[in-house]
Each structure stands twice: as structure tokens, then as C-alpha cells.
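Let's take a friendly walk through this structure together. Have your viewer ready, and we will go one stop at a time.

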Amino acid sequence: MDALALAAIAVAFYIAWNIGSNDSANAMGTAVGAGILSFRQATLTIAIFVLMGAYLKGYKVMKTVGKGIVPEGYLTMEMAVIALLAAGVWVTIATIKGLPVSTTQAIVGGVIGVGLATHAPVNWYTLLKIAAAWVVSPVLSGILAMVLFKFYAWVVSRIKTVSTIEAMYKALAILGGSYMAFNFGTNEVANASGPLVGAGFMEPKVAGIFGAISLSVGALTFSYAVMHTVGKKITALGPISAFAAQFGSAIAVSLANFFGLPVSSSQSIVGGVVGVGLLAGQGVEKSVIRDIVFGWVATPLTAIFISLAIFKAFALVGLV
């Protein structure tokens with residue numbers, strides 16, 4: 001295996017590892033924060049369902065990221081490395097600065113950047129659909145979360161025994177987390193491995209397994225603090241509102257995956273939390289929402305420019 005292939009694998013691993021380190025909290029933070037599952041039980045559950053999602057359903061989003069933005073045959077291994085590296089650089093910078101960003105948007109921006117740099121045809125219609133999904137996803141998550149919150153609040157109000165309510169809370173937390181983890185496999189893993197598929201380096205099934213394992217390593221090694229933080233923040237809304245936000249966002253991501261559109265689970269969970277927060281009367285912190293929206297807008301644009309800059313630097317030293 002040559003150095004370029006190793007570089008592509010390493011950068012794709014880094015991206016998927018980052019997703020596992022941070023976004024795992026969106027899936028199992030509630031269950032861990034409430035003491036329903038231990039950290040190791042949560043990460044094992046994440047690993048199982050991420051692998052299932054990536055292997056069974058991840059090919060649609062991989063195809064969109066790897067072949068739908070820049071047509072098949074134009075995305076080379078060098079371009080895949082640059083796209084993934086640009087995404088990784090921006091996510092790292094944003095993390096250091098404390099900016100909430102989406103790895104999904106960074107990767108899409110990176111692919112657009114290398115497409116523009118090489119004068120490859122860019123499918124702007126596909127990009128328009130992706131951008132529309134980024135807007136619709138958190139809004140739809142919020143609406144679904146509000147509907148689920150009302151429904152489960154009505155169900156709980158008719159349950160008389162405390163033990164039954166507690167058992168239902170535990171079941172809902174595990175079910176919602178598992179569903180979200182499955183969506184990580186179908187959507188988030190595909191974002192990390194899509195450029196490798198588009199460059200013809202890996203088949204979708206192999207890329208799915210590789211990405212799922214990488215994400216699981218990130219969840220196991222570096223998600224502990226984030227998972228507990230998110231768990232405490234979300235459970236402040238209450239068990240039913242936390243589940244409604246989690247499950248509503250998972251449904252929205254599932255719908256995006258059905259159409260092969262790469263969306264961010266982080267964006268979806270934010271939409272869900274805002275929805276139930278408004279409905280439950282908790283309100284939302286406008287400054288936090290403003291920072292998040294800024295990150296969503298800035299990420300794909302910044303990734304495009306970083307991708308262009310890396311391509312130019314590589315061209316100067318004869319690497320592309």
C-alpha cells in the first residue's frame with residue numbers, strides 16, 4: 001500500500017474518530033447521565049448499532065458524498081485526501097475555538113473545494129438539495145420532538161405505578177440511543193468514508209465497516225467527558241423531553257438517509273432540544289443558538305477555502 005493510500009485511511013480514521021468522540025454523546029448521553037447504562041455498556045451499544053447502520057444502509061450517503069457532488073471518475077485519491085484533510089483541519093480549529101460545527105458540512109465543503117480547484121464539474125443541484133436538508137433537518141427535528149413530547153407526556157399521565165414509569169423511561173432512553181447510533185452508521189460514517197468510495201479506493205461495505213470501527217474507537221477512547229456533559233444538560237429537560245428530542249432528531253436523520261442526503265446529527269439534536277425546550281416552557285438561550293447557527297453557516301464555506309488552499313500548497317510541491 002502506497003503512502004497516498006495510507007494518508008487517505010489515516011485522515012478518514014481521524015474524521016470518524018472525531019465523530020465518535022463528540023457525537024456519541026448525542027446518542028447515549030441521556031442514558032449514561034441518568035445512570036441507566038454504564039459508559040462501557042453505552043459505547044458497546046453504540047459500536048453494535050453504528051456497525052449495523054454503516055453496513056446495511058450507509059451506501060446511499062457514501063454515494064452522494066463520494067460521487068454525487070463531484071461526478072464519478074473525477075474524484076481521485078489525492079482529492080479525497082485533501083477533502084478529508086480540509087474538513088479535519090477546520091473541525092480541529094473550531095474545537096479549539098469552542099465553535100459548534102458539523103463534520104458533515106466540513107466534508108461536503110472539502111469535496112466542493114477540490115472540485116473547484118481541479119475545475120471538475122460540480123453538481124450544484126445536488127448541493128442545493130444537501131443545503132436544503134441542512135435547513136430542514138433541525139426544523140423537522142424540532143417539530144417531531146414536540147409531537148413526541150406531547151404524545152409521551154399523555155401516555156405517562158395515564159400510568160399509575162412509579163415502577164412502570166421508571167421502566168418505560170429506561171427502555172425509551174436505550175431505544176432512542178440505539179436508534180441514534182444506527183443513524184450515525186447510516187449518515188455520519190458515510191460522510192467520513194464517502195470520499196474514499198468516490199475515489200474508488202474502497203467498496204461501500206468495506207468503507208462502512210472501517211468507518212464504524214473508527215467511530216467506535218473514538219466513542220470508547222475520548223467521549224466520556226462529553227457524554228456526561230450532554231447527558232446532564234439534556235436530562236435537565238426531563239426524561240420524556242430528552243427522549244422526544246433524541247428520537248425526533250433520529251427520525252429526521254433517517255428521512256435524510258432515505259434520500260441519500262448527508263446531514264448532521266448534531267444539527268438535528270439541537271433542533272429537537274430547542275423544540276421541546278420551547279414546548280416545555282424552558283426557553284432557549286439565544287446567544288447559544290446564534291453561535292451554533294454561525295458555526296453551521298461558516299463551516300462549509302471555510303472548508304471550501306481550506307480545501308482550495310491545501311490543493312494549491314500540494315500543487316506547489318508537486319503532490320497533485
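Leaving aside its neighbours within four places in sequence, which residues is D23 in contact with (heavy atoms within 4.5 Å)? They are F184, E188, S265 and S266. Before going further, note that this is a predicted model, where local features need pLDDT of at least 70, side-chain atom pairs count only at pLDDT 80 or more, and totals for chains, interfaces and linings use all residues. Residues are numbered from 1 along each chain as its sequence is written, and side-chain values use heavy atoms, with hydrogens and water left out.

D23 sits in helix α1 (helices are DSSP runs of H or I with at least four residues, numbered from the N terminus). D23 has a relative accessible area of 10%, so it counts as buried, the cut-off being under 20% with a 1.4 Å probe and protein chains only.

Now follow α1 itself, which covers residues 3-33. Its 31 residues should span 45 Å at 1.5 Å a residue, taken as 1.5 Å times one less than the number of residues; the end C-alpha atoms are 42 Å apart, which agrees. Along the way, α1 bends by about 65 degrees at A27, the angle between axes fitted to the seven residues ending there and the seven starting there. Just after the helix, G35 takes a positive phi of about 75 degrees.

Notes. Helices (H or I, at least four residues) and strands (E, at least two) are DSSP runs, numbered from the N terminus. Buried means under 20% relative accessible area, exposed over 50%, partly exposed in between (1.4 Å probe, protein chains only). Contact means heavy atoms within 4.5 Å.
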